[in-house]
Amino acid sequence: MISEKIENILNEQINKEFYSAYLYLAISAHFDEMGLKGFSNWTRVQAREEVDHGMILFDYIIERQGKVNLRQIDTPDTQFGSVIEVFEKIFAHEKYVTDSINCVANMTDEECDLATRYFINWYISEQVEEEANVDDVIKKLKMFGDEKAALYHLDKELAGRTYKPHSYEK
Ligand code: OFO
């Protein structure tokens with residue numbers, strides 16, 4: 001069974017993951033408006049992964065006899081700007097989520113909850129991957145600047161991202 005403090009911080013994390021899904025969906029719509037179908041696809045796939053992140057926490061709380069407590073999800077920002085500005089915002093958001101996951105890990109140490117510490121390691125690795133994926137796109141965008149042809153090719157590349165359900169491997 002998890003402690004009240006762990007239950008609370010995991011519920012907060014569910015909210016952050018679902019907010020991330022909202023944010024990526026809003027960005028996906030923004031890219032659609034710009035005619036960038038590949039960028040729109042990439043962020044839409046990411047939104048689905050964020051829902052998985054939320055659901056893995058949801059299921060874990062239940063498995064540990066805790067109470068799932070869903071909270072209101074904030075409205076995401078809709079002022080996004082240029083493609084590079086959007087990806088810089090995404091990177092800042094993922095760093096915020098990484099900090100949040102690190103706080104969950106610290107809390108498990110404080111509460112001597114080794115099972116949740118083990119569980120949250122999956123999220124720690126996932127955040128490393130997420131930051132790296134976003135950084136990869138930012139580097140490509142920086143390399144080509146505002147060149148329309150390069151943006152067109154990158155859009156085609158990002159159109160190839162496919163959704164694979166994320167699950168927590170024990
Ligand atoms: Fe769930 O990792 Fe992004 O926000």
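1. In this predicted model, Lys5 has a relative accessibility of 47% and therefore counts as partly exposed, a class that lies between buried, under 20%, and exposed, over 50%. The residue belongs to helix H1, which spans residues 4-34.

2. Leaving aside residues up to four places away in sequence, Lys5 touches Met107 and Glu111.

3. As to the overall fold, the chain contains five helices and zero strands, giving the pattern α-α-α-α-α along the sequence. The radius of gyration is 17 Å, close to the 15 Å that the globule rule gives for 170 residues, so the chain is as compact as a globular protein of that length. Along the principal axes, the C-alpha atoms fill a box of roughly 55 × 25 × 25 Å.

4. Of the 170 residues in the chain, 45% are buried. Among contacts between residues at least 6 apart in sequence, 83% join residues at least 24 apart.

5. The largest pocket holds about 250 Å³ of space. Its lining comprises 18 residues, with Trp42, Glu49, Glu129, Asn133 and Arg161 nearest the centre. By class, nine of the lining residues are charged, five polar and four nonpolar.

6. Helices H2 (37-63), H4 (114-144) and H5 (148-158) each contribute at least two residues to the lining of the largest pocket. The largest share, seven residues, is supplied by H4.

Technical notes. Residues numbered from 1 in each chain as written. Predicted model: local features only at pLDDT ≥ 70, side-chain atom pairs only at ≥ 80, totals over all residues. Heavy atoms only, no water. 1 Å grid on protein atoms, 1.4 Å probe; cavity = no way out; pocket = protein on both sides within 12 Å on 5 of 7 lines; lining within 4 Å. Points joined across faces, edges and corners; volume = space filled by probe spheres on them. Helix = DSSP H or I, 4+ residues; strand = E, 2+ residues; numbered from the N terminus. Nonpolar A, V, L, I, M, F, W, Y, C, P; charged D, E, K, R; others polar. Buried < 20%, exposed > 50% of the residue type's maximum accessible area, 1.4 Å probe, protein only. Contact = heavy atoms within 4.5 Å. Rg over C-alpha atoms; globule rule 2.2 N^0.38 Å.
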